[in-house]
Amino acid sequence: MDSAAHRRDAAVRAAVTQGVVGPGRPIAGLLDVRGMREAARALKAAFGGPAPALHAFAVKAAPLVPVLRLLAEEGLGCEVASPGELALARAAGVAPGDTVLDSPAKTTAELREALALGVAVNADSREELARLDALVRSAPTASPLGLRVNPQVGGGTIDALSTATATSKFGVALLDEGARDWLVRAYAERPWLTRLHAHTGSQGCPPELLAAGVRATYELAEEINEAVGGRQVRAIDIGGGLPVNFASDEVTPTYREYADLLAATAPGLFDGRYGLVTEFGRSLLAKSGMVLARVEYAKTAGGRRIAVTHAGAQVAVRTVFAPEVWPLRVAAYDAQGRPKTADPLPQDVAGPCCFAGDLVATGRTLPLLEAGDHVALLDTGAYYFSSHYAYNSLPRPGVYGFAADPQGVRFAPVRAPQTLDELVAESGGAHAADLSALR
Ligand SMILES: *Cc1c(COP(=O)(O)O)cnc(C)c1O
């Protein structure tokens, strides 16, 4: 069970034989516990330098309390960007001091709560810094406080995930006229600003671009500390964003490669003068997750082969609506959950949603899929369980962690499947008569 691919195959087989998926439960998310732990350990090992490091997992990538708890056991904290994500981190038992609040739209109430708890806060803008000024004056806080800058080093291949463009909505734009001087002064006037934060982007941003953003942030920290004649900026928060290889089982780039690149791009970052905060999401979990779904029908239309499965836009919204940008590998398994290998043919893999574009793969060469078979959407451990799409009122599937060893595969629930009663309730079931009463 040493390779992730072996564990994956064993987990699919066991999910079918143990009824984690079946006719009445045609879709489930599966998470490889060992894979998640190994990724967390690889991250810590790569960045284990002389200075203290906080690795805050970006909760939006997997807002699942048991996952946050498992990562916390590995020594990771949480990066949160909403009251909901903060509540999840707290429910997982993550200490406030290991939690970082980022968001471009924090309310005063959220900021006040974070400061009362001792959660680290990165202000996103000058305007938000003014709110922090008032809060810091009104009550003492243990929260490490910082400011997010936009290093404006440019975007990657996915516009929607590029946060360091000239006009990004995030952070204080570092290269705008007068911004650098303003930033140095802002720190000089506020001895309590002790962190500096940048998150250059996510998937689609090459590591070199991320490293350029980190370097710009590091240089600003040096300039601030020189200007104040001390070590006011004590930690640099380098964000996350390491891209994931969705094309094969190979983990590339690795945390080690990225840490080496950072050490070469920003010499001094790791020499022990600065504490480090990281906020990785996708690269920690993508490879450890899959969506497993039954093939309900296999049909043809106009010469096109279509496997109609239970995994579509409701679980893979980005892949369905932007397939060029978010392609996924699809693995084929038979009705017993054994890998299928025979007769590869081009096929479309469709989901259950009622619109023609609900396809997770088109013209994909796969062993011929038949009714009762299974498909697994690979590398879906990050973001795919956080971006459920309520189209057609398809319920959120259950998510299960698995441990595969030579003795067998054991599952543990991570998130229960949404029930139809819950679905009705969140769709206004309690208000069935209220519209009619409005006359
Ligand atoms: C989304 C986000 C992250 C995580 O990005 P990944 O690409 O998942 O590593 C980290 N920090 C901030 C501020 C983010 O918005």
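## Ligand site and backbone notes

Helices here are DSSP runs of H or I with at least four residues, strands are runs of E with at least two, and both are numbered from the N terminus. This is a predicted model, where local features need pLDDT of at least 70, side-chain atom pairs count only at pLDDT 80 or more, and totals for chains, interfaces and linings use all residues. Residues are numbered from 1 along each chain as its sequence is written, and side-chain values use heavy atoms, leaving out hydrogens and water.

Now to the ligand. A shell of 14 residues surrounds the ligand, the closest being Lys-60, Ser-202, Gly-241, Glu-279 and Tyr-383; a residue counts as near if one of its heavy atoms lies within 4 Å. The shell holds 3 nonpolar, 5 polar and 6 charged residues, with Ala, Val, Leu, Ile, Met, Phe, Trp, Tyr, Cys and Pro taken as nonpolar, Asp, Glu, Lys and Arg as charged, and the others, Gly among them, as polar.

Here are some polar contacts (N or O pairs within 3.5 Å):

| Residue | Protein atom | Distance to a ligand oxygen atom |
|---|---|---|
| Gly-241 | backbone N or O | 2.8 Å |
| Arg-282 | backbone N or O | 2.8 Å |
| Tyr-383 | polar side-chain atom | 2.5 Å |

Taken alone, the ligand exposes 390 Å², and the protein buries 93% of that (Shrake-Rupley areas, 1.4 Å probe).

Back to the backbone. Most residues other than glycine have a negative phi, and most peptide bonds are trans. Asp-343, not a glycine, has a positive phi of about 50°, and sits in the loop between strand S13 (330-333) and strand S14 (344-350). The peptide bond from Thr-252 to Pro-253 is cis, with omega near -5°. Pro-253 belongs to the loop between strand S9 (235-237) and helix H9 (255-265).

How values were computed
Polar contact = N/O pair within 3.5 Å; in protein donor to acceptor, adjacent residues only side chain to side chain.
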